[in-house]
Amino acid sequence: MKDFELKDKITFEWYSLLKDFILNCWLIVLAAIIGFSSVYVLEQSVYKPVYTSSATLMVQVKTGTYQAYTNLSASTEMATIFKEVFVQPSMKEKAVEYLEKERFEGSLSASVLTNTNIITLSVTADDPETAYYELRAVLEVYPQISESIFSNAVLDVVSAPEVPKAPSNSASTLYKDLIIFGLVVAVAGAIVVLSLLRDTIKDEKSFNKKIGAPHLVTITKERKYHTFKDFLKKKKSKQLVTDVFSSFKFTESYQKIAAKLEYYKRTQGDKIFLVTSVAANEGKTTISINTALTLALRGKRVALLDMDLMKPSVPKVLEMEASKDADLGSVLSGKINVEKFDLKSYKSSLLCVGLNNGSHRNFSDWINLPYVKETVDKIAENFDFVIIDSMPISASADVSALAKLVDKTVLVIKADYAQTGEINDAVLMLNKKDRFAGCVINDTPVEFSLFGQWGADENSYMNKYYGDYGKYTSYRNRRNDKQDI
């Protein structure tokens, strides 16, 4: 096994990150809702609105028998003095008497515009009516005080008070937006960090960094629905290499697997191969079937054995049914003699399939018996290759017993699915006595490239180098090849 640095555990892959965002977008929406609710609760429990009513006054100095402005300096000094008079307690007392109230409820303030004779008088209270009426009262009673003190000065109301229509301390929308935006960013950032730190195999690059095992091939995603009508009917494709809609890259991946298995047989005499995965739903059954179909297309006699004895799914994918007297589990357990067992031919092709008509939950009682190994070897005598679809390793510890029945084992790794530690443990378990073929990375996103759009494969070689599957072979010929099987 390889020694890996911590930095190698962080892998960026756009499709994985986008998928995490889509799957967890409800968390971002929830964060926005929580932020909005928090701001609302904060406003209701802490925020207390107040209202301010204001008036603008101008100080004038009397000269002779009429009122007129003297000089700006005198008016400014008088305005400063009036400002101090307005905030005296006696002014509030007079206003309270005028209103016939017990106390002055608002807060009275006055200010002078710099270097002018203009005074701004304000009353701030808990409700708009109180602020307005108390300011009106101050304006009514101030002559009783000012005329007795400043007989040569008068105040003119430039701007009369009005009932305030909105709070003077209204909460700023900026901090509301910041709270909501901050929560959304925090949740989105957490999704990104967790996605980057998730210790899974997301592509070939992360596989080479994290997994100490041979890499056979990478299989990209195929369309689940061929047409929009299929999408509406939820009719998913079987994703078989014999499907005329299968992409070139998809079928070529299985050509590479088949070529690798042929190499093992030619150089080491291996013909029985087990296909398994760490967890369920990683695509091992589809890969088992397509590998067997591809070998059959290449003129090999192939036996596909459905030995997922807990949850057999080959019959569903191939749309075949196992008869009661041709149940593979019954043969392996010794209930049916292998000499009387006939594998069912798939569409009159070179592929024969050993099916189960149901699960065999008691397989642990007999899976380790020598008879099982003898039965598999007996079946293999009549075929060039035997492909076995097994149970996931996480579902049963007896996968190691199945691995002893075969020449080589293939481990399927679905992109961004099982944990790296679990995959490496599986490799250690299967890699005994040079009986491990390697790993197939499945369901990786299709990378966009100009070469890919022009028909080049992952190594940028043009399709014309791939024989009958090449770019320059007619679509009709390729379609006929698939329909033959």
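**Entry 1: two helices**

I began with helix 9 and helix 10, which are roughly perpendicular to each other (angles under 35 degrees count as roughly parallel, over 145 as roughly antiparallel, 65 to 115 as roughly perpendicular and the rest as oblique). I looked up the geometry behind this: helix 9 covers residues 248–268, helix 10 covers residues 284–297, and they pack at an angle of about 75° with their axes 9 Å apart. Here axes are lines fitted to C-alpha atoms, for helices over the stretch in contact, and angles run from 0 to 180 degrees between N-to-C directions. On the helix 9 side I listed Phe250, Tyr254, Gln255, Ile257, Ala258, Leu261 and Glu262, and on the helix 10 side Thr286, Ile287, Asn290, Thr291, Thr294 and Leu295, where contact means heavy atoms within 4.5 Å. Sorted by class, this contact of helix 9 with helix 10 has seven nonpolar, five polar and one charged residues. For the classes, Ala, Val, Leu, Ile, Met, Phe, Trp, Tyr, Cys and Pro count as nonpolar, Asp, Glu, Lys and Arg as charged, and the others, Gly among them, as polar.

I noted that this is a predicted model, in which local features need pLDDT of at least 70 and side-chain atom pairs count only at pLDDT 80 or more, while totals for chains, interfaces and linings use all residues. Residues are numbered from 1 along each chain as its sequence is written, and side-chain values use heavy atoms, with hydrogens and water left out.

**Entry 2: the whole protein**

I found 17 helices and 13 strands in the protein; helices (H or I, at least four residues) and strands (E, at least two) are DSSP runs, numbered from the N terminus. Of the 485 residues, 45% are buried, where buried means under 20% relative accessible area, exposed over 50%, and partly exposed in between (1.4 Å probe, protein chains only). Among contacts between residues at least 6 apart in sequence, 78% join residues at least 24 apart.

Serine 53 is in strand 1 (residues 51–63), and with 1% relative accessibility it counts as buried. Leaving aside its neighbours within four places in sequence, I found serine 53 in contact with several residues, including Leu121, Val123, Tyr132 and Pro161. From serine 53 to glutamate 129 the C-alpha to C-alpha distance is 9.0 Å, across 76 residues of sequence.

Leucine 240 is in the loop between helix 8 (228–232) and helix 9, and it is buried, with a relative accessible area of 6%. Leucine 240 and threonine 291 are 51 residues apart in sequence, and their C-alpha atoms are 9.7 Å apart.

**Entry 3: aromatic rings**

I paired rings of Phe, Tyr and Trp (its six-membered ring) if their centres lie within 6.5 Å, with planes under 30 degrees apart counted as stacked, over 60 as edge-to-face and the rest as tilted. This rule gives six aromatic pairs. The rings of tyrosine 132 and tyrosine 133 have centres 5.1 Å apart and planes at 65°, so this pair is edge-to-face. Tyrosine 132 is buried, at 15% relative accessible area.

Tyr263, Tyr264, Phe273 and Phe385 form one aromatic cluster. The charged end of lysine 265 sits over the ring of phenylalanine 385, 5.1 Å from its centre, and lysine 408 lies over the face of tyrosine 264, at 5.1 Å from the ring centre; a charge sits over a ring if NZ of Lys or CZ of Arg is within 6 Å of the ring centre and within 35 degrees of the ring normal.

**Entry 4: positive phi**

Most residues other than glycine have a negative phi. Asparagine 115, not a glycine, has a positive phi of about 60°; it is in the loop between strand 3 (107–112) and strand 4 (118–125) and is exposed at 61% relative accessibility. Aspartate 416, also not a glycine, has a positive phi of about 55°; it is in the loop between strand 12 (408–414) and helix 15 (420–430) and is buried at 10% relative accessibility.
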